[in-house]
Amino acid sequence: MLYTEKEKNEIERVKEVFAEHLRQSPDFELLWSDKVGYVWLTIGVNPLYVDTGIRIESAADLCGRCLDDVATDVLYMTGNDHALEAADPLELAEIKRRWEPYINQLPEYAYLCKDLLNGKM
């Protein structure tokens, strides 16, 4: 079995909370494989390419990747090419503002925000 029923249900719950973000992202795709489970596929749409596929190990793994992508969107928006842990105060405020709707629905994963900001992920 790829995931226990409980694990798969929790991954599905995280997937649902991030559904709109997952749908509109030009940088990745979340796919299901009967062989390995959920796969996070790095893609590009301009130019068109398919890059790295990473197996989603858990709901926390998926949540962390989604939160990181939300933060990366802010860094791209500001035009800064630096790591998340080097974000300036205005970037941090915007990142936290964008994370809030997700963490309000998934409070048990709030620790991931701190881990991301401290470069632990």
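Hi everyone, let's start with helix α3, residues 59-78, and helix α4, residues 89-105: they pack at an angle of about 145°, and their axes are 9 Å apart. Please keep in mind that this is a predicted model. The α3–α4 crossing is right-handed.

Which residues of α3 and α4 meet? On the α3 side you'll find Leu-67, Val-70, Ala-71, Asp-73, Val-74, Leu-75, Met-77 and Thr-78. Facing them from α4 are Glu-91, Glu-94, Ile-95, Arg-98, Trp-99, Tyr-102 and Ile-103.

Now, α3 has another partner to show you: helix α1, residues 5-17, whose axis comes within 8 Å of the α3 axis, with a crossing of roughly 20°. Angles under 35 degrees count as roughly parallel, so α1 is roughly parallel to α3. Here too, the crossing is right-handed. From α1, the contact uses Glu-10, Ile-11, Val-14 and Lys-15, and from α3 it uses Ala-59, Leu-62 and Cys-63. In this α1–α3 contact we have five nonpolar residues, two charged ones and no polar ones.

Before I hand over, one stop away from the helices. Where does Pro-47 lie? Look in the loop between β2, residues 37-45, and β3, residues 48-55. The peptide bond joining Asn-46 to Pro-47 is cis, and its omega is about 5°.

Note on methods
Residues are numbered from 1 along each chain as its sequence is written. This is a predicted model: local features need pLDDT of at least 70, side-chain atom pairs count only at pLDDT 80 or more; totals for chains, interfaces and linings use all residues. Side-chain values use heavy atoms; hydrogens and water are left out. Axes are lines fitted to C-alpha atoms, for helices over the stretch in contact, and angles run from 0 to 180 degrees between N-to-C directions. Helices (H or I, at least four residues) and strands (E, at least two) are DSSP runs, numbered from the N terminus. A crossing is left-handed if the near helix is turned anticlockwise from the far one by less than a right angle, and right-handed if clockwise. Contact means heavy atoms within 4.5 Å. Angles under 35 degrees count as roughly parallel, over 145 as roughly antiparallel, 65 to 115 as roughly perpendicular and the rest as oblique. Ala, Val, Leu, Ile, Met, Phe, Trp, Tyr, Cys and Pro count as nonpolar, Asp, Glu, Lys and Arg as charged, and the others, Gly among them, as polar.
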